[in-house]
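Reader: Please take me through the terms applied to this model and show what each one rests on.

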Amino acid sequence: MIPSVNDMGDDTHGLLKYLYGPGKAEEHIDPHLVAAWDSLAPDPGRNPDRKATLRALQILLDQPVVALPESDRPAEHVWHLSVRAAPEDPILTDAQWADIARRMVSATGIAPDGDDAACRWAAIRHADDHIHIVATVVRHDGRQARIRRDGARAQTEARQIEIDYGLRRVDTGDGTAAKRPSSAERHKANRRGKERTPREELRETVRRAAAGVASEKEFFDRLTAAGLLVDQRIAPSGDLLGYKVALSDDRNEDQEPIYYSGSTLAADLSLPRIRERWANNASEPDQGVTTDRSSGSDRISPSAARRQATSATWRAVLLIDQDEDGQVSAVIAAGGEMLDALSKTSAAHTRRELRDAAWAFERASRSHIRAERGHDRALRQAARDLVHGGTALGRGEDGATTAMLIDMAIFFVLAAAHWHGQKEHAQQAAAARQAAEHLRAAYQAAAPMYLGHMHQRGRNLSLPLQRKQTAHVRRAVPELAEQVLAEPGWHALAATLADVESAGHDPATLLAEAAGRRELDTAGSISDVLVWRLRRMADLPADASTVPEHTTAPASPRPTTKRPTKGKQRPANSR
């Protein structure tokens with residue numbers, strides 16, 4: 001159950017007229033009163049003369065306000081709370097909604113139980129799944145109601161109502177979620193056949209524009225390139241104070257664009273918060289991280305960008321496990337930028353699920369723990385490189401490195417979910433888990449082509465080579481060996497181990513390192529995870545179709561081999 005306190009108003013009649021009217025899209029069905037401060041209050045929905053009855057209800061609600069001297073009346077006296085059930089909840093009766101309304105006005109301070117001098121209020125129902133409560137905030141004794149923190153108190157009561165009525169338990173919020181679209185905004189989107197409201201569409205577009213951005217100019221250039229209308233707020237001194245954006249086709253009755261400031265889209269999209277992302281040279285690459293760009297160019301190949309993003313994401317997972325809260329908060333926020341950039345530059349067959357993953361994780365990227373910038377540099381650079389690399393192809397090395405990155409991103413968002421859970425950030429933890437489900441779906445769309453090829457290469461290994469790879473697994477990860485060898489992905493791992501040895505590495509040593517870096521309990525397939533970790537750690541092509549087959553028995557070791565293990569053999573056709 002979701003209660004939402006609306007902005008205070010000064011027009012009781014106007015609000016009642018809207019609630020009892022047809023709605024902006026004829027969505028109001030059978031509007032009627034379910035409860036009020038007085039059981040004899042008139043109900044415009046059940047009286048043939050609706051207009052006169054509505055005026056009578058308004059006069060009664062406003063009486064305590066009008067009784068005050070004009071100078072003592074509050075400028076805004078109309079309080080408005082909507083209470084909505086979850087889509088999966090059963091349809092509640094009028095009597096049940098009446099009980100919920102009474103509990104809400106009591107909890108919020110409008111009409112506490114047993115207070116005969118409380119405010120006047122009325123609860124209107126015009127749909128199966130929600131009610132609206134209208135109240136005037138002047139009490140019968142002339143004092144104003146104490147409604148400070150009414151939103152938080154309404155949320156607390158909603159959690160208890162869910163328990164009492166057996167409704168869906170909504171995760172407790174902490175006030176850092178982006179503002180939800182209003183009913184009017186949703187109805188407008190439905191009329192236009194849009195999946196998302198302008199507010200939601202703008203929030204996603206601005207987030208994508210901010211992913212890995214390194215300057216104000218770059219940020220605003222990206223907004224313009226995305227097709228948004230941008231209005232910058234500039235001080236008399238010439239300093240840029242803020243900005244607002246609009247969709248070109250979203251206009252009011254006067255055909256003027258409807259603008260939203262960055263801060264109203266989400267708290268972390270205000271200009272000061274976006275500036276924090278590149279403060280302290282945060283956009284510069286970490287020392288030792290190569291960008292694989294051609295000389296004199298800002299471009300980077302999509303596959304190289306994805307490899308570097310995979311490495312940066314892996315380091316971020318380790319930071320989440322070990323670092324201070326402020327640093328973890330910054331890393332999780334930067335991970336949201338990386339997911340935004342990945343969804344923006346993904347191929348068609350993974351784009352929808354990656355977009356939904358980034359959309360879900362947006363809620364996990366904010367909490368009350370203030371981000372301490374610094375350790376997020378690598379992930380922000382990864383997001384920047386993904387954007388500069390452009391859209392990846394859905395095949396070859398581009399597609400394979402996409403699967404590799406998605407596999408690592410699943411570990412990242414699950415680590416974020418675990419951290420949020422420890423901090424009792426219920427909504428953020430749930431959002432991260434939801435993002436993981438979308439990433440798993442994207443992985444299933446991206447990975448089978450490449451794992452299937454590796455699987456076939458593994459099956460084509462000679463029997464001596466197959467036995468050798470089995471021995472590597474038993475020696476490197478004895479506690480996981482039986483599970484790994486029984487998985488469908490084992491043959492792909494066997495082929496990768498052969499590739500690792502051909503590249504000059506000790507397969508058992510590298511496999512032990514890959515398995516030991518972090519737990520594998522959350523992996524759907526341990527073999528798949530180890531394949532991608534090994535190919536990244538050994539700098540092997542993610543697309544194994546470019547690697548020669550290993551079909552012959554091992555040859556005698558070359559005299560120049562410098563591996564520390566004695567008697568180790570190499571496949572005769574290895575490079």
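Author: A residue is called buried under 20% relative accessible area, exposed over 50% and partly exposed in between, with a 1.4 Å probe and protein chains only. The model is predicted, so local features need pLDDT of at least 70 and side-chain atom pairs pLDDT 80 or more, while totals for chains, interfaces and linings use all residues. Residues are numbered from 1 along each chain as its sequence is written, and side-chain values use heavy atoms, leaving out hydrogens and water.

Reader: Which residues of helix α7 are buried?

Author: In α7 (residues 216-225), Glu218, Phe219, Phe220, Arg222 and Leu223 are buried. Helices (H or I, at least four residues) and strands (E, at least two) are DSSP runs, numbered from the N terminus. Among the elements covering the buried residues of α7 are α6, β6, β7, α9 (271-278) and α13 (377-389). Just after α7, glycine 227 has a positive phi of about 90°.

Reader: Why is strand β3 described as largely enclosed by the rest of the structure?

Author: Six of the seven residues of β3 (residues 78-84) are buried, so the description follows from that count.

Reader: What makes β1 and β2 edge strands?

Author: Two strands pair if DSSP finds at least two bridges between them. The open sheet has five strands in the order β1-β3-β5-β4-β2, with antiparallel pairing. β1 and β2 (32-36) each pair on one side only, at the edges. The twist from one strand to the next averages 25°.

Reader: What makes β6 and β8 edge strands?

Author: The open sheet here has three strands in the order β6-β7-β8, antiparallel in pairing. β6 (229-234) and β8 (260-261) each pair on one side only. Six bridges connect β6 with β7 (residues 240-246), and isoleucine 234 is opposite leucine 240 in β7.

Reader: Why is α6 called roughly perpendicular to α12?

Author: α6 (residues 198-210) and α12 (residues 348-364) pack at about 95°, with axes 12 Å apart. Angles under 35 degrees count as roughly parallel, over 145 as roughly antiparallel, 65 to 115 as roughly perpendicular and the rest as oblique, so α6 is roughly perpendicular to α12. Axes are lines fitted to C-alpha atoms, for helices over the stretch in contact, and angles run from 0 to 180 degrees between N-to-C directions.

Reader: Which residues make the contact of α6 with α12?

Author: From α6 come Glu200, Arg203, Glu204, Arg207 and Arg208, and from α12 Arg355, Trp359 and Glu362; contact means heavy atoms within 4.5 Å.
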